[in-house]
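Dear colleague,

Please look it over first and then read on.

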Amino acid sequence: MSDKARRLFEALDLDHDGTLTREEVIVALRTKGPSLAAMGVLPLWGVQDVDASSALFDAADQNGDAVLTLDEFAAVVDRRFGWN
């Protein structure tokens with residue numbers, strides 16, 4: 001797991017409970033995405049619309065429980081963003 005994936009997960013975890021919901025991913029990428037990209041936490045092309053953010057969530061939710069753990073999230077974003 002990359003440090004970048006961990007930092008992005010923490011930035012998207014709006015309620016700081018250690019998991020991500022679909023709503024958190026969508027809202028956080030919409031509201032924080034541009035500033036995260038400017039800080040280098042997220043590739044600029046990673047700032048996505050609602051449908052793309054939802055698809056990212058679906059790809060990462062390996063066990064189908066509607067929440068993402070850090071491990072689930074990192075496995076997808078590290079591969080998608082070329083961080084690992």
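In helix α4 (residues 70–80), the buried residues are Leu70, Glu72, Phe73, Ala74, Val76, Val77 and Asp78, where buried means under 20% relative accessible area, exposed over 50% and partly exposed in between, with a 1.4 Å probe and protein chains only. Helices (H or I, at least four residues) and strands (E, at least two) are DSSP runs numbered from the N terminus. Please bear in mind that this is a predicted model, in which local features need pLDDT of at least 70 and side-chain atom pairs count only at pLDDT 80 or more, while totals for chains, interfaces and linings use all residues. Residues are numbered from 1 along each chain as its sequence is written, and side-chain values use heavy atoms, with hydrogens and water left out.

The buried residues of α4 pack against α1 (3–12), β1 (20–21), α3 (50–60) and β2 (67–68). Just after α4, glycine 82 takes a positive phi of about 70 degrees.

**The core**

Which residues touch the most other members of the largest nonpolar core? They are Leu8, Leu12, Leu20, Leu36, Leu68, Phe73 and Val77, out of 23 residues in that core; a nonpolar core is a set of buried Ala, Val, Leu, Ile, Met, Phe, Trp, Tyr and Cys residues joined through side-chain atoms within 4.5 Å. At least two residues of this core come from each of α1, α2 (22–38), α3 and α4.

**The chain as a whole**

The chain has 4 helices and 2 strands, which follow the pattern α-β-α-α-β-α when read along the sequence. Its radius of gyration, taken over C-alpha atoms, is 11 Å, close to the 12 Å that the globule rule (2.2 Å times the number of residues to the power 0.38) gives for 84 residues, so the chain is as compact as a globular protein of that length. Buried residues make up 44% of the 84 residues, and the C-alpha trace spans about 30 × 25 × 25 Å along its principal axes.

**A loop residue**

Leucine 42 lies in the loop between α2 and α3, and it counts as buried because its relative accessibility is 3%. Its C-alpha atom is separated by 20 Å from that of aspartate 61, 19 residues apart from it along the chain.

With best wishes

Terms used
Contact means heavy atoms within 4.5 Å.
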